[in-house]
Amino acid sequence: MMRKVLRSFIAGLSILSYTSVAQVVGDEDKDMFNHARKRDQQAIDEARNGWWAESMKTHDQRIAWWRDAKFGMFVHWGVYSDAAGEWKGKTVSGYAEHLMRKEKITRAEYLELAHRFNPVKFNADEWILSAKKAGMNYFIITAKHHDGFALWDSKVSEFDIKDQTPFKRDPLAELAAAAKKHGVKFGFYYSHAFDWEHPDAPGNDWEYQNPGGDKLLGGANWFDTHPEWLPKAVKYVDHKAIPQIKELINNYHPDILWFDTPHKLPLSENIRILKAIRETDPNIVVNGRLARSSSGNFGDYINTGDRPAEFRPVEGDWEAIPTTNESYGYSKHDNSHKPAKFFIQLLAKASSRGGNLLTNIGPKGDGSFDSKDKQILDSVGNWVAKYAESIYTTGRSALPLQAWGVTTQKGRKLYLHVFNWPKDGNLVLGGMKTDITKAYLLADVSKKNLTAKRVGNADHQIKVPFSSPDQSNAVIVVETSSEIKAEPIRRLATSGYTNRLLAFDAQVHGTGFGFGDGKTDRYFVDGWKSSDQHISWDVLLLQPAIYRIVIKYLPGSEAGSSYSVSLGDFKTTAQTLSGKAVAVVTQDLGMVNLNKARHRLTIKPLKIKGTELMKILEVQLIRVI
């Protein structure tokens with residue numbers, strides 16, 4: 001078990017190494033930073049050699065329910081929901097839950113907004129049942145977001161729903177009871193490092209001139225450049241953060257606690273908060289955004305990026321947090337809701353890579369759900385009702401990536417999540433050496449057998465209907481004769497599909513690479529600054545074909561960098577097309593004639609102008625002949 005813990009800790013290190021370096025700004029005083037490192041190292045050593053190591057002995061038992069849950073609902077709801085993305089008649093873009101910071105609202109003026117917060121349509125049973133019917137097995141709500149406002153009757157602070165609103169009820173108590181009643185695991189988001197109402201907390205630099213805000217007073221690592229400011233933040237942690245977290249634990253007995261923005265406090269304080277949680281209730285699952293740094297992650301699992309569209313390979317337990325539109329809190333001006341198909345496929349993608357999906361909605365200020373969110377939840381729920389077996393109790397597949405979709409696995413059974421249905425009625429399953437004993441559509445209650453035959457040592461062709469039984473994600477069940485053995489090299493599709501070789505799935509050669517957060521047009525590999533670095537993908541072609549090669553990237557700071565591309569006998573060079581590092585560039589690199597064989601596609605820099613070659617997103621191989 002401790003090997004799993006170590007792998008999880010190292011995985012946290014790999015994810016965070018780029019981000020942590022990027023946050024270090026203004027390293028001017030060597031002695032000061034040595035002191036800071038000593039402070040944090042003492043906390044790390046105490047944790048690793050004592051209470052944290054002890055707590056990880058029960059890690060597998062603690063997180064077992066979370067691993068099985070797979071899918072959860074995240075809710076951002078508070079006083080800001082009533083403003084609905086608007087302030088004094090002006091539309092406030094971006095995250096609606098950041099209203100107080102974006103509009104530099106004082107504590108007193110924010111209280112005026114709180115005095116009008118009266119969510120009379122709030123119904124805890126309806127909220128929990130909406131999650132459960134959508135196939136979600138755990139539920140997390142913002143007990144206190146960055147505005148510092150508590151959605152329960154806190155005895156620690158009067159900045160709460162009982163003392164400052166006409167509502168007077170305790171929605172957290174009602175939700176906790178409803179979750180228990182309906183068999184849904186329950187927990188809280190608590191903003192431990194940001195608190196814009198508290199005069200001692202990081203974040204509010206418009207009223208209190210505190211560090212950690214948009215002005216970057218003292219730099220991003222203000223606690224290192226100005227250690228004399230730290231006692232003030234420690235006072236906030238001692239007098240508000242830890243007492244309120246303990247209050248939530250003792251009052252509501254949550255299954256999980258969720259934290260964010262740990263870089264606003266030093267690692268030593270984050271570790272101290274985690275220690276307080278473990279002392280209060282050692283069985284609570286804690287996410288990976290409380291105590292983490294370049295030294296590793298002390299949480300129970302890893303958190304990847306917000307609002308993801310693609311995932312990069314991550315070892316160990318991990319979770320992603322998409323939201324139905326772009327804001328997490330409710331905004332009546334944000335109508336960028338994604339189709340249900342997006343979330344259905346994202347859930348399958350996460351499961352195929354061993355992760356959980358915690359999907360966010362932002363209820364309205366009156367306590368009701370937006371109709372667009374309801375439609376998404378209903379559609380996802382309808383899909384899950386048919387295909388739950390292919391998600392829950394499954395794990396990451398041993399098979400290579402497939403052009404038509406993704407695969408999940410449970411023992412000797414594979415689930416083929418087909419996003420792109422083959423027009424010719426022939427689905428090629430690549431990279432499985434094991435014999436197929438039966439294949440059938442999961443939605444077919446009769447389990448009518450689909451004809452399957454070998455077309456190679458580790459490849460099978462399954463005869464499927466010409467029309468997909470589900471336009472979002474049709475699932476085929478494949479039963480095998482024995483333990484599934486894979487040949488991990490990816491097969492190139494020769495008909496009906498665009499082969500997308502994502503940068504996230506490339507082999508990176510050389511040091512210094514970083515990774516994007518996986519959002520739309522941000523699933524890139526970057527940090528490409530040296531001729532010693534290159535990336536590659538290994539692929540296998542089952543029959544000769546001609547492909548068009550297309551590359552997609554975000555350009556570097558200057559146009560005119562050059563690079564080489566090689567694949568089989570094909571070699572070419574190209575220049576980056578634009579110096580505007582905001583829009584995706586799609587560049588046609590020509591055509592390649594490939595034989596039936598194993599090939600390596602390699603991209604190397606020739607000349608780098610500006611800060612980096614490019615932020616590469618993907619290479620597409622599109623069958624021509």
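Both Asp40 and Arg39 are buried, where buried stands for under 20% relative accessible area, exposed for over 50% and partly exposed for anything in between (1.4 Å probe, protein chains only). Their side chains meet in a salt bridge with 3.1 Å from N to O; the term covers a side-chain nitrogen of Lys or Arg within 4 Å of a carboxyl oxygen of Asp or Glu. Keep in mind that this is a predicted model, where local features need pLDDT of at least 70, side-chain atom pairs count only at pLDDT 80 or more, and totals for chains, interfaces and linings use all residues. Residues are numbered from 1 along each chain as its sequence is written, and side-chain values use heavy atoms, with hydrogens and water left out.

**The chain as a whole**

- The chain has 15 helices and 32 strands; these are DSSP runs, numbered from the N terminus, with helices being H or I of at least four residues and strands being E of at least two.
- Its radius of gyration is 25 Å, which agrees with the value near 25 Å for a compact globule of 625 residues. That radius is taken over C-alpha atoms, and the globule rule is 2.2 Å times the number of residues to the power 0.38.
- Along the principal axes, the C-alpha trace spans about 70 × 60 × 55 Å.
- Of the 625 residues, 58% count as buried.
- Take the contacts with a separation of 6 or more: 73% of them come from residues 24 or more positions apart. A contact here means heavy atoms within 4.5 Å.
- The accessible surface comes to about 24900 Å², and 49% of it belongs to carbon and sulfur atoms. Areas come from the Shrake-Rupley method with a 1.4 Å probe, and for residues only the protein chains shown count as cover.

**Salt bridges**

- Side chains of opposite charge can pair when their charged atoms come close.
- The count for the chain comes to 45 salt bridges.
- Arg169 and Glu174 make one of them, with the closest N and O atoms 2.8 Å apart. Arg169 is partly exposed at 32% relative accessible area, and Glu174 is partly exposed at 27%.
- Lys349 pairs with Glu310, and here the closest N and O atoms are 3.4 Å apart. Lys349 sits in helix H14 (residues 340-352) and Glu310 in the loop between strand S10 (302-306) and strand S11 (318-321), so this pair ties together parts that are 39 residues apart in sequence. Lys349 counts as buried at 17% relative accessibility, and Glu310 counts as buried at 11%.

**Sheets**

- Eight strands form an open sheet in the order S7-S6-S5-S4-S1-S12-S11-S10, with parallel pairing; two strands pair if DSSP finds at least two bridges between them. Strand S7 (285-286) and S10 stand at the edges with a single partner strand each, so one side of each has no neighbour in the sheet.
- Within that order, strand S5 (residues 185-190) and strand S6 (residues 256-258) pair in the parallel sense over three bridges. Gly187 stands opposite Ile256 in S6.
- An open sheet of five strands runs S13-S14-S15-S20-S17, and its pairing is antiparallel. Its edges are strand S13 (395-396) and strand S17 (436-441), each with a single partner strand, so one side of each is left without a neighbour in the sheet.
- S17 pairs with strand S20 (residues 474-480) in the antiparallel sense over five bridges. Leu441 has Ile476 in S20 as its bridge partner.

**Around Glu97**

- Glu97 is in the loop between strand S3 (90-91) and helix H6 (99-102), and Glu97 is buried at 2% relative accessible area.
- Beyond its neighbours within four places in sequence, Glu97 is in contact with His76, Tyr80, His145, Trp196, Ser327, Tyr328 and Gly329.
- Glu97 and His146 are 49 residues apart in sequence, and their C-alpha atoms are 8.1 Å apart in space.

**A nonpolar surface patch**

- Met591, Val624 and Ile625 make a nonpolar surface patch of about 270 Å². Patches are made of residues with over 30% relative accessible area and no salt bridge, joining like charges within 9 Å and nonpolar side chains (Val, Leu, Ile, Met, Phe, Trp, Tyr) within 5 Å.
- Met591 lies in strand S30 (residues 585-594) and is partly exposed, with a relative accessible area of 41%.
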